[in-house]
Number of protein chains: 2
Amino acid sequence: MELFQSTAKNIKILFNIPDEFYIFFLGSATECMDRIIQNLVFKNSFHLINGAFSQRIYNISNELHKKPLYKKVEFGKSFDFNKVTIPQQTELISIVQNETSTGVSINEKDIKKIKERYPDKLLAVDVVSSVPYVKLDYKYVDCSFFSVQKGFGLPAGLAVLIANKSCIDKSIYISKKKSGRIGSYHNFLKLYENAQKFQTTETPNTLGIFLLNKVTEQLLSYGIGKIRKETDEKAKMLYGYFDNCNFAKPLVKNPADRSKTVIVIQSDIKKKIKDILKKNGIIVSDGYEKNKSNQIRIGNFPQHSIDDIKKIIRILQTKIK
Amino acid sequence: MELFQSTAKNIKILFNIPDEFYIFFLGSATECMDRIIQNLVFKNSFHLINGAFSQRIYNISNELHKKPLYKKVEFGKSFDFNKVTIPQQTELISIVQNETSTGVSINEKDIKKIKERYPDKLLAVDVVSSVPYVKLDYKYVDCSFFSVQKGFGLPAGLAVLIANKSCIDKSIYISKKKSGRIGSYHNFLKLYENAQKFQTTETPNTLGIFLLNKVTEQLLSYGIGKIRKETDEKAKMLYGYFDNCNFAKPLVKNPADRSKTVIVIQSDIKKKIKDILKKNGIIVSDGYEKNKSNQIRIGNFPQHSIDDIKKIIRILQTKIK
């Protein structure tokens, strides 16, 4: 209970989360998607789809027998937020703030504007690969979630779900409807009831929570402002290099849509790039699913130093002609 | 994928599990209960209830809007298996082979007999606190599950679900029914589809799987027969001592019902016993929930040596008059 309380407190300070939010510990970001749909949607969710993960939560809504609606754009692009209109029957709006599959990021201001335009709809924001960099204004978000193996550099098997009282109320509402189904394991009512006592609903990944406690402590002492500044700096170096590179280019063309934490690069000599980096001690990810053969994804997280980024650029500059 | 394959193989060898079973990795035993009900029960499950955990899976069945039936006995006792009759409409029989809350164990032969009498019903067996000691005959079991923080001595946050093709077929059957609901996250069809490629449905607790791989490897090399023999020996020492102790007695009166791995002791001076053991470097568990004040539970797992058990007995013999 002490570990739960202390870790939840660290997360709230780190992300400037208001008191009236609850912190829940789940198993994975995919599990968070499932719980959000099951507990916050009676019939209609609405999804902004521009990559594999925004597609995944839409699919989950379908699999849970909801009637999800969506606006879809080409993967690698973002939305024109002035033109996005959300159907009236929507109960929950799902936004993936940082698409891990494509490296497209949605500006926090656009998320705020959506909530201002649709204040009566719940808003769920996936920040899996943008924490701790992303700076959401929780006054305009009802729930968000992330797993710990990306920006926190921890072993996988733990996710954090952040939800306000409106989410709990919606879950209560659904549970009381005759055909309402909020599930049993990790339903919001159980999570909420236990979280108030700083307890989990099952014997949790205690080691994972312990490690998250230590890493959030470290980030708080280092300073989240400094982390954000360095992330910007490193992203600028990477995009600057690849914009002028003759054998590899950023997938996301519009600089405003470019993720600072997941930099996706397209190249005909992708395999060569990955191999040369690996030979020099740098491991980057493949492109997601069907883009495995022609894209790489570079994580730009707190655990990656400015020197790491300089090294990537130096290797590519000197080893590939 | 290599880690999944190798760990699943170790588990199958260790427990003599036939080829036609699948190994799935989940987050907790509580999650396993939820998935089993959701994927194997369209309407009616049947539960043998004699403790908090057999009660828990019954409650989950209710929460998932099934119509669970049950046979309940006093907590601390077991069932008269010759007299247990299971209602005709039962789709799934749920048995907790080793009740962690009370230290009551059900003989593997009684489990076999139940399946022989009701071959057309699926049988799910909770072996959370009896692995790796328990010796189920998987010809008479359709699925079983355990978490790794008890008999495997590992950090919590990982559970193993073992299921045969009949379970997958039942899940397919339910998913095709108009009002059938098998869920999305960790439903059996996704688990099955992924497990065939030695993959998980989400980024899993890889560290946990890695550690389980190492521990199962170690157990295989040490010999499961030796583990079982030592467990019997240690249990005999503990029950022998407490049967003749004048300030503490085993909760389970019938020797045939006594768990070899979770030894529950009742005493009016429970706090004193726990404190003296702790002062001497031995930590035992409290009784479960309402029995916190008058029971202790002693784990008898492979990580506990014969010397540990001797030490417990010696401390109590010499320090409590």
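A salt bridge is taken here as a side-chain nitrogen of Lys or Arg within 4 Å of a carboxyl oxygen of Asp or Glu. By this rule two salt bridges cross the interface of chain B and chain A, and in one of them B:Lys190 pairs with A:Glu63, the closest N and O atoms being 2.6 Å apart. The structure is a predicted model, in which local features need pLDDT of at least 70 and side-chain atom pairs count only at pLDDT 80 or more, whereas totals for chains, interfaces and linings use all residues. Residues are numbered from 1 along each chain as its sequence is written, chains are lettered from A and ligands numbered from 1 in the order in which they are written, and side-chain values use heavy atoms, with hydrogens and water left out.

Between chain B and chain A, ten residue pairs are in polar contact, both residues being at pLDDT 80 or more; a polar contact is a pair of N or O atoms within 3.5 Å, where within protein one must be able to donate a hydrogen and the other to accept it, and residues adjacent in sequence count only if both atoms are side-chain atoms. Helix H2 (29-40), helix H3 (52-63) and helix H7 (206-222) of chain B each supply at least two residues of the side of chain B that touches chain A, and H2(B) gives the most to that side, with four residues. Helices (H or I, at least four residues) and strands (E, at least two) are DSSP runs, numbered from the N terminus.

With contact defined as heavy atoms within 4.5 Å, 25 residues from chain B and 25 residues from chain A take part. The area buried between chain B and chain A, that is, the accessible area (1.4 Å probe) that two parts lose on being put together, summed over both, is about 2000 Å², of which carbon and sulfur atoms give 56%. Of the area that chain B buries against chain A, 24% is supplied by B:His65, B:Ser184 and B:Tyr185, more than by any other three residues.

When copies are superposed by least squares on the C-alpha atoms of residues with pLDDT of at least 70 in both, chain B can be laid on chain A with an RMSD of 0.0 Å by a turn of 180 degrees and a shift of 0.0 Å along the axis. This is the relation of a two-fold axis. The C-alpha of B:Gly27 is the nearest to the axis in chain B, at 3.1 Å from it, and the same surface serves both copies, since 100% of the contact residues of chain B recur in chain A.

Within chain A, strand S9 (residues 159-164) is mostly covered, with six of its six residues buried, a term that means under 20% relative accessible area, against over 50% for exposed and partly exposed in between (1.4 Å probe, protein chains only). Both faces of S9(A) are covered, with A:Ala159, A:Leu161 and A:Ala163 buried on one side and A:Val160, A:Ile162 and A:Asn164 on the other. Strands are said to pair if DSSP finds at least two bridges between them. Strand S1 (residues 21-26) of chain A runs antiparallel to S9(A) and is joined to it by six bridges, A:Phe24 having A:Leu161 as its bridge partner. Strand S8 (residues 143-147) of chain A also pairs with S9(A) in the antiparallel sense, over five bridges, and A:Ser147 stands opposite A:Ala159.
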